[in-house]
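Let's take a walk through this protein together, starting with the overall picture and then stopping at a few local details. Keep the structure open beside you as you read.

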Amino acid sequence: MDNQESQRKEEELKNAAEQETNTHEDNQHTTESTPASSYAAGATSGGSTPPPARKSGSTAWIALSAVLAILLVIVAIKPVFGGGNNAAVATVNKVDITKEDLYEEMLKSGGKTTLDNLITQQLITQEAKASNVTVTEADIDEEINTLKASFGTDEQFNAALAQYGVTLESLRKDAETQVKIRKLLEPSITITDEQIKETYEQNKASYGTGEEIKASHILVATQEEADAILKELKDGADFATLAKEKSTDTGTKDNGGDLGFFGKGVMDPAFEEAAFALEVDQISDVVKSSFGFHIIKKTGFKAATSPTFEEKKEEIRKQLLNQQIQEKSATWIQEIRDKATITNTLEEKAAEETDTNASANPDAAASPEASAAQ
C-alpha cells in the first residue's frame, strides 16, 4: 500500500470520527440504541470522550479497523522481507526502491498512529489480565451482533465493511478490545430503576411504532396495460409471476413486486391510500400515482405498538450502561497510560528531529510576532 492510499484511509477515519462527534453534540440527551463497540474507537485512538453510538459511531469503529488493518503491515514488513535493508522491492527505469525506502515511507505515513494504538491495546490487555477478565467467542458474537443491529440490516452492515475494506474476521479481533473495556468498566457503574423510568417517560413517544402494512405491486406506464394485467389476475394468474414479467419497477419486479413493510407517509399518497384500504391478500383496482399505473396486493399487516415500561426496561438499562461506559472510557484510557511505563522510540525520534531542525534553522522557529517586530 502506498503513502497516498494510507493517507486516504486515515482521512476517512477522521471524517467518520468528526461526524460522530457532531452527532453527539446535537443529541447529547437522546437514548437511541448504543452499540458498546463505539466507545472503544475513541478510546483506543487516544481521543476525547466518545459520543453516544449511533450509526455514524459504528461506522467510525469500522473505519478505525480498516486503518489499523492497513497500517499494521508496517510492523510486519521488515521481518517478512528478510535479508538486507538495501535489497530492492521494486525497480523503476533501473533505479531501485529498497526495503528500507519502503519501510521508512510507511513509518512516516502511519507508523506513529499504529504504534500508539498497539500501546493502548497492550495496556488494555494487561489491565484485563490483572483483573482476571476473559473474553469468550460468545462475548465477541454479541458485540458484533450489536454493531450489526445499529445498521438496521445485514445489507447495510456488509456495505459498510465493503466501503472500508474490512473483513468480518478483522472486525472480530477488534471486538475483543471492546469487550475488555466493557467488562473492566461495568462494575464501577450503577444504573438505578429511577434513571431507567425517567428515560422511559422522556422517550415514551419514540418507543412506539405506527401501523405498517406489507404489499406488492405491478407498475406499468398506461391505463390500458394495467387493465389487461388486472383482468389476467382476476382470471387466476399469479401476481408475483406477472410482476416479474411486466412490472417496470426494476427495484421490485425480480422479487415479485414485493415492497416489504412500510408505514404511512412513505409512499405516494394515492398509492398509500389504496394500499392501506385493502384487506390482507386482497388485490386493488388500477391505481394511478405520480409514477404510473399500479395494481397492488396487500400481503401483511402490523398493528401500531406502544411498549410498556417493563417491555423496554432491560433495553433502556443497556443503553444507559453503554453511555456511561462511553463517558468513562477515554478518561480511563488516559489514566492507565499515565501510570504506565512506556518507551516510544518513534516519538523520541520525532522529538530529536524537531530539536535538530530548530537548532539548524533558528529563524524558522521564530514566532510570527518576533518576525513582525523585525
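**A guided tour of the fold**

The protein has 16 helices and six strands. Please bear in mind as we go that this is a predicted model. Of its 374 residues, 39% are buried. The accessible surface amounts to about 21000 Å², and carbon and sulfur atoms account for 48% of that. Contacts also tell us something about how the chain is put together: if we take those between residues at least 6 apart in sequence, 73% of them join residues at least 24 apart.

Let's begin the local tour with a pair of strands. Strand β1 covers residues 88-92 and strand β2 covers residues 95-98; the two run antiparallel and are joined by four bridges. To find your way into this pairing, look for Ala88, whose bridge partner in β2 is Thr98. Together β1 and β2 make a hairpin, with two residues between the strands. Which backbone angles stand out in this turn? Asn93 has a positive phi of about 50 degrees, and Lys94 has a positive phi of about 70 degrees although it is not a glycine. Most residues other than glycine have a negative phi, so these backbones are worth a look. Lys94 lies in the loop between β1 and β2, and it is exposed, with a relative accessible area of 81%.

Asn132, a residue other than glycine, has a phi near 60 degrees. You will find Asn132 in the loop between α5 (99-130) and α6 (137-150).

Next, turn to helix α12, which spans residues 269-277. Where do its buried residues sit around the helix? Phe271, Glu272, Ala275 and Phe276 are the buried ones. Viewed down the axis of α12, they fall within an arc of 115 degrees, so they line one face of the helix. The other side of α12 carries Pro269, Glu273 and Ala277, which are exposed. What covers the buried residues of α12? The cover includes four strands that you can pick out in turn: β3 (212-220), β4 (258-263), β5 (287-289) and β6 (292-302).

Our last stop is charge pairing. Side chains of opposite charge can pair when their charged atoms come close. With a cut-off of 4 Å between a side-chain nitrogen of Lys or Arg and a carboxyl oxygen of Asp or Glu, the count comes to 14 salt bridges. Several of them sit within single helices, and there is a simple geometric reason to look for them there. An α-helix has 3.6 residues a turn, so residues three or four places apart point the same way.

Helix α8 (residues 168-185) gives us one example: Lys180 and Glu176 are four residues apart there, which places them about one helical turn from each other. Their side chains meet in a salt bridge with an N to O distance of 3.7 Å. Is Lys180 buried or exposed? At 11% relative accessibility, Lys180 counts as buried, while Glu176 is partly exposed at 32%.

Move on to helix α9 (residues 193-207), where Lys204 and Glu201 are three residues apart and so about one helical turn from each other. The closest N and O atoms of this salt bridge are 3.4 Å apart. Here Lys204 is partly exposed, with a relative accessible area of 38%, and Glu201 is partly exposed as well, at 39%.

In helix α13 (residues 309-339), Glu315 and Lys312 are also three residues apart, about one helical turn. Their side chains form a salt bridge at 2.9 Å, N to O. Glu315 is partly exposed, with a relative accessible area of 36%, whereas Lys312 is buried at 10%.

To finish, look for a group that goes beyond a simple pair: Glu137, Asp141 and Arg172 are linked in a network of salt bridges.

Technical notes. Residues are numbered from 1 along each chain as its sequence is written. This is a predicted model: local features need pLDDT of at least 70, side-chain atom pairs count only at pLDDT 80 or more; totals for chains, interfaces and linings use all residues. Side-chain values use heavy atoms; hydrogens and water are left out. Two strands pair if DSSP finds at least two bridges between them. Buried means under 20% relative accessible area, exposed over 50%, partly exposed in between (1.4 Å probe, protein chains only). Contact means heavy atoms within 4.5 Å. Accessible areas come from the Shrake-Rupley method with a 1.4 Å probe; for residues, only the protein chains shown count as cover. The arc is that of the directions from the helix axis to the C-beta atoms.
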